[in-house]
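Let's walk through a protein model together, one piece at a time. Have the sequence and the 3D view ready, and follow along as each part is named.

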Amino acid sequence: MALVTGKELLEDARKRGYAVGAFNANNLEYVQAIIEAAEEEKAPVILQASQGAIKYAGLDHIVAMVKVSAEKATVPVVLHLDHGTDFLQNVRCLRAGFTSLMFDGSSLSFEKNAAITKKIVEIAHACNVPVEAELGKVPQAGQVTREDVEALMTDPEEALKFVEITGIDSLAVAVGSVHAMREQSADLDIDRIKKISELVGIPLVLHGASGVTDEGYKDAIPAGICKINIATELNKACMKAAKEAIAKDPNVIDLRKVLKPGREAMKERVKAKMRLFGTSGKA
Ligand SMILES: [Zn+2]
């Protein structure tokens with residue numbers, strides 16, 4: 001089917017108490033792995049492109065690849081912009097065919113973040129495309145202590161004010177997870193998630209989720225998390241399988257012999273996450 005917007009998917013997740021996995025895609029093998037997994041699990045899915053992925057693959061290439069794959073799929077597929085850096089990047093992605101946007105103003109002041117987010121919401125909603133924004137900051141691994149992570153967490157009252165001012169459709173919250181963690185050891189503040197969710201009444205998004213434990217997901221979803229972002233774990237799975245393929249045949253010169261096991265490994269990880277998040281069977 002054609003690409004769908006993230007709005008209905010996340011509202012349904014919120015109502016029925018599951019979370020939609022949002023998986024970062026960097027090239028064709030990622031797109032195939034993620035959509036094949038969604039088909040096999042009968043799960044709705046969000047494919048997202050980071051700024052790095054857009055630079056690497058090219059904006060139009062990403063849209064074309066995901067559109068073709070989504071049209072062939074029988075499950076709903078969303079194409080989401082991950083951590084859109086500014087207003088113009090959001091405009092470019094909206095025009096290119098993304099069906100969900102994000103503006104990350106988490107390094108700006110509250111006022112500036114809210115002002116730019118509001119502008120993006122206005123243009124996106126004119127095209128029926130929903131917008132995610134971030135308040136508080138989900139930091140990068142290796143740059144922060146636990147105290148820093150806690151100091152950067154989303155304040156529930158501020159979150160309410162932010163949602164009221166901007167009219168966003170979903171909110172990325174800083175609740176203890178950290179981007180690019182290689183182990184599952186993040187400690188989530190579940191009470192904070194609950195409090196924010198009750199106050200703002202819209203779907204919440206968990207970033208840095210490759211570092212969250214299986215228990216953490218199970219507690220975070222009923223507390224209000226409706227979208228869970230996974231990037232690092234797919235990279236790890238793909239590279240491990242690719243390295244094994246090279247170790248098995250050090251003289252390999254056909255890239256497909258390396259990427260195919262990488263794609264299979266990513267697909268298995270995506271399927272496992274869909275089962276954990278309760279997305280399987282929801283399409
Ligand atoms: Zn993120």
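Predicted model: local features only at pLDDT ≥ 70, side-chain atom pairs only at ≥ 80, totals over all residues.

Residues are numbered from 1 along each chain as its sequence is written, and side-chain values use heavy atoms, with hydrogens and water left out.

Let's begin with strand β6, residues 170–173. Helices (H or I, at least four residues) and strands (E, at least two) are DSSP runs, numbered from the N terminus. In a regular strand the side chains alternate between the two faces of the sheet. In β6, S170 and A172 point one way, L171 and V173 point the other way, and all are buried. Buried means under 20% relative accessible area, exposed means over 50%, and partly exposed lies in between (1.4 Å probe, protein chains only).

Which strands pair with β6? Strand β5 (residues 131–135) runs parallel to β6 and is joined to it by four bridges; two strands pair if DSSP finds at least two bridges between them. L135 has V173 of β6 as its bridge partner. Strand β7 (residues 204–206) also pairs with β6 in the parallel sense, over three bridges, and here A172 is partnered by V205 of β7.

Now follow the chain through helix α9 (residues 190–200), which makes a right-handed β-α-β unit with β6 and β7. Right-handed here means that, with the strands pointing away from the viewer, the path from the first strand over the helix to the second runs clockwise.

Helix α9 also packs against helix α8 (residues 156–166), at an angle of about 30° and with the axes 9 Å apart. Axes are lines fitted to C-alpha atoms, for helices over the stretch in contact, and angles run from 0 to 180 degrees between N-to-C directions. The two helices, α8 and α9, are therefore roughly parallel to each other, a label for angles under 35 degrees. The contact (heavy atoms within 4.5 Å) includes L160 and V163 of α8 and I196 and L199 of α9.

Finally, visit two loops. Most residues other than glycine have a negative phi. K42, however, has a positive phi of about 50°; K42 lies in the loop between α2 (28–41) and β2 (45–49). H83 has a positive phi near 50°, and sits in the loop between β3 (77–81) and α5 (87–96). Is each residue buried or exposed? K42 is exposed, with a relative accessible area of 53%, whereas H83 is buried, at 17%.

Key. Parallel < 35°, antiparallel > 145°, perpendicular 65-115°, else oblique.
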